[in-house]
Amino acid sequence: MNMVLHELKSLRKSGMIWSGAMIALAALFLSLYPSMAGDTADFVSLLEGYPAAVRAMLGIHLDYISSLSGYYSMVFVYIVLCGAIQAMHLGASVLSKESRERTADFLLVKPVTRSNIVTAKLLAACTVIIATDMMFFAVTAILAGAVAANGYSMHLFILLNLPLLFIQLVFLAIGLAVSVFFSRLKNVLPITLGTVFGLYIIGALLGANAEEGAGRYLSPFQYFDSIYIIEHSGYELKYLLVSALLIAAAVAVSYRVYIKKDIHAV
Amino acid sequence: MSVIELNHLTKHYGKSRGITDVNLAVEEGEIFGFIGPNGAGKSTTIRTLLGLIYPTSGSATVFGKSCTEHPKIRKELGYLPSEVFYYDNMRVIDLLKYSASFYKKDCTKRIRELAEVMDLDLKKRIDDLSFGNKKKVGIVQGLLHEPKLIILDEPTSGLDPLMQQKFFELIAEENRKGATVFFSSHILSEVQKMCSRVAFIKEGEIIKLEKMSTLQENSYKRISMEAAAAIRKADFNLTGVSNFEANGNAAKFIFKGNINTMMKALAAVELRNLSVEEPDLEEIFMHYYVKED
C-alpha cells in the first residue's frame, strides 16, 4: 500500500492537469451547442458540403447532430483521444520511470516481489484514470444538463461517457506492455503519441469504409460506436469482450516480462 | 550456512562477458572485500546477488535464499549503490520514511541518529542536494533498518575524507553489532583498512581469494635497492619476482616466495642501499592486474 500511495502522490498533479484539460475541451464544445441547436438547418447544410467519407472519419452523423447526445458524441471523439494519450502515457511511464530516473536500484532491492510492484503501480494508475474520469464526468454532466434543451437523458449521457474509461484502460494496458520491453525507455511521449494517433487514424480510415469489417478490431477507438449506443442504449458485446481480452493480455504480458527482466545498472 | 553464497555464478549479456563461474562464500560477521578494476564484473555480481538481474547459470543466495525467488529475504539486507538516485521531488525525510515503510518497523529514531552522524539535513529536497549529500542519503537509506547484511558498491565515491572516516566508523560499528559486510571497491587502501578477507575479480573471474592477513604479512615484499654497478634483470630472474623495474643502478620489484633465496641473490650484488618493505595492497593489486604481455 505504501507504494500505491507514493505513486498516487507523484501522479496527482498530472492527473489534475489532464482532467482540467479534458473538462476545458468539453466545456468549449458544449458551450457551442446552444448556438448550433438554434441553427441546426444551416449547420447541417454546411456539414453536408463535406464528402461523406470525411464526415464518417470525423464522426459526424447528420441525423443525430441536432440532439445533445449526437452533438456530444461528435466532440467526444476528441476527448477520447485526449484520454487515450493520458492513459497510454501513464501506462508507458509508470514502470519505466524507475529505470529512467534511475530509482530502480532503490525500489527493486526492497523486500517486495516484482509482481507486488507492478500491481501497486497498476492500481495507482487505474485510480488516477478513474479519478480523472469522475471529475470529468461530474463537470460535463452539469454542463450538459445546463445547455440541453429537451430530451436529455442522464442514462444515455453516462453510457456515452463510459467508453472513455474503457478505451483509457485499454491504452493504459498497451502502454504498460510496450514499456516493459525496453531496457531503458528514454522518452515516453513519442511512443505514446505515435501509438495513439496511429491507432486513431487507422480506426478513422478503416472505420469510415467498413462498417462491420474485421478492420474495426484494429483500433480501440472504433470499439464503442456512439450511434450504436444512442440507438440501442448499450454496447456491442463483442467489442466489450475484445477490450477486456486486450487489457488482460497486455497486463499479463507486462507482469511476465517485468518479473523476468534484468534491471541494468545506470 | 554462509551469509552470501555464490555457486558457479555466470552471467552473460548477449555475447559480451559479464561474470564467469564465480564462487564465493561470505561468513557471518566478516567484512569481505571485493576488489577489481572498473568493468571487471563487481557490479554484475552484486546485482545478481540482489536479484536485480538473473544469472545465466549458477546461483546466488543471501542467508541461504535467492533474492529472485524469495524477495522477502531482502528485508535483512542494506544496499548502497555506487551512484545514488532518488525521487527528485521528495524531501530527504519523506524518502527515508518511504524507504522505512518497506521494513515494517519504526525507524524514525535510527534515521535521526544516522542523519546526525552523517551531518545530513533531513528537510532539504533531494534535487537540491549535491552528489556527496545524495550519497549520505544513500548511506542512511541503506542502514536505517539495521540490516544483517550490508552490501556496499564503491561506497566512498563523492564523500569527502572526513565523511569517509565517519562512514567507515559507522560500518565498523554495524559490524561489531553483528552485521556482515560485503564491500566492493577499486580503492584498495579502504578495503585494506576494513576487510578480513578479500577476493580479486578480473575480467569476470575471481582470480584470488585470500585472507587480508595472508595477503599482507606472509609472502609479499617490496624490495628496492641501489647497487654499485648497473643492475641486470637476469640477476633477479627468480620465481616470485614481479613488477621488476630497473633504472641504471637502482631497481625495485615485488617478491613473493622464500626470503632466503632472495637474500642469496641480493648477496651476489654489491649494494649501496637496500630496503625491504611490506607492500601495500595497491602494489599486490597491480601485480594481479598488470596486463599480461
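This is a predicted model: local features need pLDDT of at least 70, side-chain atom pairs count only at pLDDT 80 or more; totals for chains, interfaces and linings use all residues.
Residues are numbered from 1 along each chain as its sequence is written, chains are lettered from A and ligands numbered from 1 in the order in which they are written, and side-chain values use heavy atoms, with hydrogens and water left out.

Chain B has nine helices and 13 strands, where helices (H or I, at least four residues) and strands (E, at least two) are DSSP runs numbered from the N terminus. Along the principal axes, its C-alpha atoms fill a box of roughly 70 × 40 × 35 Å. Of the contacts in chain B with a separation of 6 or more, 69% join residues 24 or more positions apart, a contact being heavy atoms within 4.5 Å. The accessible surface of the chain comes to about 13700 Å², and 48% of this belongs to carbon and sulfur atoms; such areas come from the Shrake-Rupley method with a 1.4 Å probe, and for residues only the protein chains shown count as cover. Of the 293 residues of chain B, 50% count as buried, where buried means under 20% relative accessible area, exposed over 50%, and partly exposed in between (1.4 Å probe, protein chains only).

Turning to charge, chain B carries 40 positive and 40 negative charges, whose mean positions are 4 Å apart. In this count Lys and Arg are positive and Asp and Glu negative, without His and the chain ends, and each charge is placed at NZ of Lys, CZ of Arg, CG of Asp or CD of Glu.

Side chains of opposite charge can pair when their charged atoms come close. The structure holds 18 salt bridges over all chains, a salt bridge being a side-chain nitrogen of Lys or Arg within 4 Å of a carboxyl oxygen of Asp or Glu. One of them joins the side chains of Lys148(B) and Glu76(B) at 3.7 Å, N to O. Because Lys148(B) lies in the loop between α4 (131–143) and β6 (149–153) of chain B, and Glu76(B) in the loop between β4 and β5, this pair ties together parts that are 72 residues apart in sequence. Lys148(B) is partly exposed at 47% relative accessibility, and Glu76(B) is partly exposed at 22%.

Asp94(B) and Arg91(B) also form a salt bridge, with their closest N and O atoms 3.4 Å apart; Asp94(B) is partly exposed at 31%, as is Arg91(B) at 35%. In the salt bridge between Lys208(B) and Glu210(B), the closest N and O atoms are 3.7 Å apart, and here Lys208(B) is partly exposed at 22% whereas Glu210(B) is buried at 12%. Elsewhere, salt bridges with shared partners join Lys109(B), Arg110(B), Glu113(B), Glu174(B) and Lys177(B) into one network.

Two further lysines complete the picture. Lys75(B), in the loop between β4 (57–62) and β5 (77–80), is partly exposed with a relative accessible area of 43%. Together with Lys65(B), Lys72(B) and Lys104(B), Lys75(B) forms a positive surface patch; patches are made of residues with over 30% relative accessible area and no salt bridge, like charges being joined within 9 Å and nonpolar side chains (Val, Leu, Ile, Met, Phe, Trp, Tyr) within 5 Å. Lys221(B), by contrast, sits in strand β10 (residues 220–227) and counts as buried at 18% relative accessibility. Not counting residues up to four places away in sequence, Lys221(B) touches several residues, among them Phe253(B), Phe255(B), Glu277(B) and Glu278(B).
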